[in-house]
Amino acid sequence: MKVAIIRANPRKNGHTQKLTDLFIEGLKQGKAEVTEIDLKSKKINQCHGCYNCWLVTPGKCVHDDDMASIMKVFTASDIVVFSTPLYIYSVSGYLKVFLDRLLPYMKNEHLPVGSENIRNAIRNPKQWPQKMAYILVGAFRGLNTFEGARKTLELFSEGLQLPLSGSLIRPESYLLPFTYLKPKTIKNVNASFKRAGFELATQRKVSSVTMKRASAPLSENIEHFTEDSNIYWQEAQNLGSKAMDPNYVNSIIVRNPKILISEMVRHVDPQATNRLKASIQFDFTDKDVQLAIKINKGKCSLEESKIDNWDLKITTSSEVWAQIFLREINARNALSEKKIIIEGDKSLFARLDKYFSLPCD
Ligand SMILES: Cc1cc2nc3c(=O)[nH]c(=O)nc-3n(C[C@H](O)[C@H](O)[C@H](O)COP(=O)(O)O)c2cc1C
């Protein structure tokens with residue numbers, strides 16, 4: 001089966017690129033023959049709306065650019081997959097320009113679709129893909145924000161006679177590198193993009209379970225999302241021009257102490273701590289940041305300052321603390337290896353994994 005991937009993301013090290021790469025891995029594993037078209041690297045002029053392609057030279061556009069060679073791949077494919085970032089509640093400009101240029105492949109013949117909609121006849125239905133799928137990646141939380149782009153792509157699917165065989169929508173893209181938010185879900189999200197490619201190659205459609213997994217929420221609610229994403233953007237801003245490289249930003253921000261300790265606060269076990277009153281001071285050596293948490297009878301709060309009357313003081317790097325929080329390394333081993341230094345109530349330190357649950361989901 002031939003699959004054409006129309007990549008409409010200008011940023012080549014962003015989230016749309018990475019998730020689409022996983023999808024393609026799955027397609028190839030399912031033995032699909034994949035051809036990728038990167039719209040950013042192509043010369044595609046905007047449609048002038050002259051209708052020359054209908055009225056003067058039917059099927060031929062006035063523009064002489066890369067569109068003709070792209071359409072050779074497009075029309076020869078069985079399934080076409082559009083991959084786009086969400087830009088201002090819609091598909092990217094690269095994709096929109098491409099879609100407009102499909103006018104020569106339609107005819108000036110209107111047909112009804114159901115009782116409400118109209119579509120144009122396809123000029124050469126024998127040389128036309130059988131199906132389409134799409135990948136849509138955005139930064140904001142909630143599927144509502146994707147409605148405009150989603151509707152555009154659904155109407156396109158109906159109007160261009162390309163029945164939809166899969167729609168992968170990924171919100172909260174900037175939280176994906178924060179694995180301690182929801183380690184299992186994040187793993188599942190990445191796996192679902194690969195799985196989706198495999199399903200498309202082997203079953204010619206993506207299952208609803210896989211599509212749902214791809215969209216799984218990472219933050220608990222809108223406040224949680226806003227807090228974490230604002231920390232991300234403030235930190236990125238501090239990196240100046242280096243923040244242009246998302247891999248660099250992620251390597252710096254992904255172990256952000258404030259997000260890390262906020263997550264710890266969020267994962268306090270109210271029952272295990274219902275009789276505890278204690279303060280823990282954190283000193284992150286790599287980030288020059290002091291944070292503290294106060295536990296008071298089942299409730300836990302974050303203090304963004306140094307506190308004097310701590311019961312336990314933990315000095316470590318944010319990376320080591322993240323690994324302990326995720327139970328990737330053993331806290332006692334980290335202690336004996338001097339990756340972590342504790343002062344004060346050592347028994348409190350020993351009980352931390354009872355008081356704070358693992359962020360699994
Ligand atoms: C011009 C522009 C407009 C954007 N508009 C939105 C938007 O409306 N909603 C949203 O959730 N994200 C928006 N984003 C963020 C992208 O969707 C986000 O970066 C996402 O990860 C996909 O882009 P990427 O593949 O470059 O990472 C916008 C980004 C840019 C550059």
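This is a predicted model: local features need pLDDT of at least 70, side-chain atom pairs count only at pLDDT 80 or more; totals for chains, interfaces and linings use all residues.
1. Overall layout. The chain contains 14 helices and twelve strands. Its C-alpha trace spans about 85 × 40 × 35 Å along the principal axes. Of its 361 residues, 34% count as buried. Taking contacts between residues at least 6 apart in sequence, 73% join residues at least 24 apart.

2. Domains. The assignment divides the chain into domain 1 (2-214), domain 2 (220-254) and domain 3 (255-355). The centres of domain 1 and domain 3, taken over C-alpha atoms, are separated by 45 Å. Contact between these two domains involves four residues of domain 1 and six residues of domain 3. On the domain 1 side, the touching residues comprise four nonpolar, no polar and no charged residues.

3. Nonpolar core. The largest nonpolar core has 75 residues. Ile 6, Val 80, Val 81 and Phe 82 have the most contacts inside this core. Domain 1 and domain 3 each supply at least three residues to it. As general background, nonpolar side chains tend to be buried together in soluble globular proteins.

4. Surroundings of Ile 6. Which residues is Ile 6 in contact with, leaving aside its neighbours within four places in sequence? They are Ile 37, Leu 39, Val 80, Val 81, Phe 82, Ser 83 and Phe 98.

5. Strands β6 and β7. Strand β6 (residues 131-137) runs parallel to β7, and six bridges join the two. Strand β7 (residues 164-170) is largely enclosed by the rest of the structure, because six of its seven residues are buried.

6. Ligand shell. There are 17 residues around the ligand, of which Gly 14, Thr 16, Pro 85, Gly 138 and Phe 140 come nearest. How do the residues of the shell divide into nonpolar, polar and charged? Eight are nonpolar, eight are polar and one is charged. Helix α1 (residues 15-29) provides the largest share of the shell, with three residues.

Key:
Residues are numbered from 1 along each chain as its sequence is written. A residue is near a molecule or strand if its C-beta atom, placed from the backbone, lies within 6 Å of it. Helices (H or I, at least four residues) and strands (E, at least two) are DSSP runs, numbered from the N terminus. Ala, Val, Leu, Ile, Met, Phe, Trp, Tyr, Cys and Pro count as nonpolar, Asp, Glu, Lys and Arg as charged, and the others, Gly among them, as polar. A nonpolar core is a set of buried Ala, Val, Leu, Ile, Met, Phe, Trp, Tyr and Cys residues joined through C-beta atoms within 7 Å. A residue is buried if 20 or more other C-beta atoms lie within 10 Å of its own, exposed if 12 or fewer, and partly exposed in between; C-beta atoms are placed from the backbone. Domain bounds come from an automatic or database domain assignment. Two residues are in contact if their C-beta atoms, placed from the backbone, lie within 7 Å. Two strands pair if DSSP finds at least two bridges between them.
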